Amino acid sequence: MQFHHHGYVSTDPRVQPAAGTGVERPEEIPEEVDVLIVGSGPAGMLLAAQLAQYPSLTTRLVEKRPGRLAIGQADGIQARSVETFQAFGFAERIAAEAYRICEMNFWTPDPERPENIVRTARAADDPHGISEFPHLIVNQARVLDYFAEVAAVAPARITPDYGVEFVGLTVGEGDRPVSVTLRDVAGEHEGRERTIRAGYVVGCDGARSRVREAIGRRHIGGQAAHAWGVMDVLAVTDFPDIRIKCAIQSRAGSILHIPREGGHLFRMYVDLGEVPEGDDGRIRATPLAAIIAKANDILHPYSLDVKDVAWWSVYEVGHRVTDGFDDVGPGSARTPHVFICGDACHTHSAKAGQGMNVSMQDGFNLGWKLGSVLSGRAPESLLGTYSAERQVIAQNLIDFDREWSTLMAKKPEEFDSPEDLAEFYTRTAEFPAGFMTQYPPSMIVGEATHQDLASGFPIGKRLKSAPVVRIGDAVPAHLGHHARADGRWRIYAFADRDAVALAGWAQWLATADGSPVRRFTPEDADVDSVFDVKVVYPRSHADVEMSGIPPIFLPRVGPFGLIDYEKIYAVDPDADIFALRGIAPSGAVVVVRPDQYVAHVLPLWATTELGDFFAQHMRPVRERAAV
């Protein structure tokens with residue numbers, strides 16, 4: 001963590017100085033806002049935390065609940081989400097209180113006594129080493145708390161406006177074309193309706209989204225005619241794997257068992273079987289006692305003595321994806337002003353642990369784009385990439401979840417082998433971990449023409465970090481972990497063996513008119529305020545002399561012009577990043593988006609191509625000044 005660059009800090013360095021709209025932020029929602037977020041679920045709270053880094057914007061978040069969420073339904077935190085938490089600065093803290101999944105065990109009927117279950121397989125949770133981050137279980141409410149903290153201590157000082165319900169909207173013309181009707185449903189003004197104007201509205205208001213309804217988008221899909229009971233319980237049991245994630249299949253049905261944080265709580269998804277035609281939702285009235293009895297039948301010969309129930313529900317599996325994630329149709333001449341994220345876009349079963357995780361990535365994808373457009377860094381056309389990128393991901397999620405939930409609902413005798421479920425879990429591990437997403441070429445994703453220069457950083461996929469050593473202080477680090485969710489682009493220069501090509505590239509980036517740093521960084525801002533430029537040398541940190549490092553990698557920041565020494569790296573002797581990520585001896589430039597996805601890979605000599613890439617989606621400083 002870096003601080004002191006604006007002067008000595010003796011208080012919590014996570015609390016950034018208030019700035020812009022964060023100074024004396026009004027308690028009442030203003031009549032005009034730049035961004036209105038509807039709903040304080042995972043997508044909405046991440047979006048607020050991201051936009052809180054843009055203090056020039058007026059951002060408000062409304063939530064009809066009277067206060068914070070106390071018990072969340074989602075709890076699975078995939079490795080990609082923990083990677084995202086790292087960018088927001090709380091990965092270590094939330095991991096310390098979470099349950100960590102290291103293994104998944106599989107239970108099926110005992111061939112000799114089929115009325116009993118036996119363990120038939122153990123599967124490592126990340127057998128392929130997909131990520132250095134863990135797979136966690138923690139209450140959704142705590143995830144929201146952490147994002148709320150980030151938003152509240154960021155420069156814009158965003159806090160949710162609780163007890164405010166979204167009623168409807170219309171989209172017109174002007175700088176703030178969205179007219180939004182809100183209603184107070186709690187507090188001293190309960191029952192009051194008012195209309196505000198917004199530049200952009202983001203609906204993060206769940207599966208029954210009113211924002212989705214207001215823009216005429218439709219949820220496409222249906223029910224899978226299968227019901228499950230889910231319960232978070234404290235219980236005494238002789239089941240030996242009660243603290244290990246398990247898929248349990250028996251003659252009486254199936255259970256997906258998930259230990260929870262705190263060492264005692266656990267969640268069970270209990271198979272209630274096929275839903276009869278014409279049931280009309282009556283299955284949802286299944287009493288808790290029946291779910292517990294069913295769980296005991298499935299677990300035989302083991303028993304479950306439930307002592308306390310924190311939360312429970314009954315649901316029917318549904319798979320739906322919305323026909324568009326914004327308010328404009330294909331071929332529309334105007335840019336979108338209303339967006340939807342999370343469950344408002346895609347709904348599915350809970351058993352793959354994807355809902356909260358994919359929702360947060362929706363918010364991460366949209367947040368920096370809204371911030372870039374509204375702060376003048378990017379043209380409005382950038383916002384069209386949100387629906388284009390995320391709708392495909394949502395459909396992939398629905399397809400995966402349909403297969404996984406179908407397998408979980410199968411009877412043991414319907415499998416060719418007792419190991420089939422474990423094999424599927426291992427084979428598909430990269431998808432539920434959150435790392436299969438790969439965005440296609442666009443204005444913010446380049447073509448793979450030079451992918452061979454950095455084969456381990458696939459263009460369009462998230463940057464897979466690797467160990468390095470900081471040259472300035474010899475501290476071992478992970479290259480990607482230093483990046484924060486601050487809206488900046490990352491440019492990683494991997495030096496050629498003799499650093500001759502690197503020197504020419506660095507000189508161009510610092511001084512040439514075509515350099516993105518020169519074209520798109522305001523003159524009164526720190527040189528790294530838009531582009532965070534780092535270098536990695538293919539040798540030991542002891543073999544790199546500070547005097548030979550180009551100045552672009554040692555920028556002067558803050559009012560005192562202090563030198564930032566945390567942008568210069570060398571290889572870790574035990575894990576050479578050049579070998580691990582397939583970096584060519586001639587070096588490479590790896591461009592990474594603010595949401596951690598690799599946007600381009602280029603040779604060190606391809607300066608024109610680098611400048612042209614950013615010119616597609618960024619506005620020059622002179623153009624911004626003219627506006």
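1. Two strands count as paired if DSSP finds at least two bridges between them; strands (E, at least two residues) and helices (H or I, at least four) are DSSP runs numbered from the N terminus. β4 and β7 (residues 135-137) run antiparallel and are joined by three bridges. Within β7, I137 is the bridge partner of Y99.

2. The model is predicted: local features need pLDDT of at least 70, side-chain atom pairs count only at pLDDT 80 or more, and totals for chains, interfaces and linings use all residues. Residues are numbered from 1 along each chain as its sequence is written, and side-chain values use heavy atoms, with hydrogens and water left out.

3. An open sheet of three strands has the order β3-β7-β4, with antiparallel pairing. Because β3 (76-77) and β4 (99-101) each have a single partner strand, they stand at the edges, and one side of each lacks a neighbour in the sheet.

4. The protein is divided into domain 1 (20-74 + 139-220 + 320-428), domain 2 (100-132 + 223-317) and domain 3 (451-623); the bounds come from an automatic or database domain assignment. The centres of domain 1 and domain 2, taken over C-alpha atoms, are separated by 30 Å.

5. Between domain 1 and domain 2, about 2100 Å² is buried, 61% of it on carbon and sulfur atoms (accessible area, 1.4 Å probe, lost by the two parts on being put together, summed over both). On the side of domain 1 that touches domain 2, the elements giving two or more residues are α8 (384-409) and α9 (420-427). The largest share, five residues, comes from α8.
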